[in-house]
Amino acid sequence: MAILVHRYDAPDRFVAGTVGQPGERTFFLQAREGNRITSVACEKQQVSVLAEHLDRVLDEVVRRGVAGSGTSVGTGRAKDVDPLDAPISEEFRVGTMTIAWDPSIDRIVIELFSNVDRDADEGDEPEAGASAGTGADLEDEVEADEVFVVKITASYAREFVTRAQALVAAGRPPCPFCLQPIEPTGHICPRANGYRRALFS
């Protein structure tokens, strides 16, 4: 069965974003090219893991000296802080993610596959490599109905990482004892004998 491919070889924008308030946020990865927009839903942890692995691949690309000079250092603050582009229509929920550096076009290739029934411990982390193909034989590699393929420059990937990290950090702060998220109304900690901490005092 053929996989439906949403391909962006030179997107005008590729970002992580959310809809909803902290504690009830839905996370999306979204690409826009001209008037075409594709949005896929994902978990907060997937955004965090994707950013982490992108950072590692970029560091490796720089170490090998195969990317531009603007790749090695992040800005610390995302330039693109705008909300997701509308309309936000979920194409699918992300399962497996892969990352590769394509030296033939000097771009990072990100492949986001639709979620399929797999073991709970599979598909959470992207496979990352400093050099790999562009995924021409996707059907042979991953069981999925759809795939979202985005190709971005190394410098733009750094921007994605910066925004994604800020997005993840902007959620509910963790409890210092049990590390579970603290709600705005407070938090009853199971590890601190009912210790209650409010987000706003």
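This is a predicted model: local features need pLDDT of at least 70, side-chain atom pairs count only at pLDDT 80 or more; totals for chains, interfaces and linings use all residues.
Residues are numbered from 1 along each chain as its sequence is written, and side-chain values use heavy atoms, with hydrogens and water left out.

**View 1. The overall fold.** Here you have three helices and eight strands, taken as DSSP runs (helices: H or I, at least four residues; strands: E, at least two) and numbered from the N terminus. Going along the sequence, the order is β-β-β-β-α-β-β-β-α-β-α. Of the 201 residues, 42% are buried (buried is under 20% relative accessible area, exposed is over 50%, and partly exposed is in between, using a 1.4 Å probe and protein chains only). Take the contacts (heavy atoms within 4.5 Å) between residues at least 6 apart in sequence: 66% of them join residues at least 24 apart.

View 2. Glu52 and Arg56 pair up in a salt bridge, with 2.5 Å between the closest N and O atoms; the term means a side-chain nitrogen of Lys or Arg within 4 Å of a carboxyl oxygen of Asp or Glu. Both residues sit in helix 1 (residues 44-63), four residues apart, or about one turn of the helix. Glu52 is partly exposed, at 36% relative accessible area.

**View 3. Helix 3 meets helix 1.** Arg158 and Asp55 form a salt bridge at 2.4 Å, N to O. Arg158 belongs to helix 3 (residues 154-169) and Asp55 to helix 1, so this pair ties together parts that are 103 residues apart in sequence.

**View 4. The Arg64 and Glu60 pair.** These two side chains meet in a salt bridge at 2.8 Å, N to O. Arg64 is partly exposed, at 48% relative accessibility, and Glu60 also counts as partly exposed, at 22%.

**View 5. A salt-bridge network.** The structure holds eleven salt bridges. In this close-up, a network of them links Arg13, Arg32, Asp80, Asp85 and Arg163.
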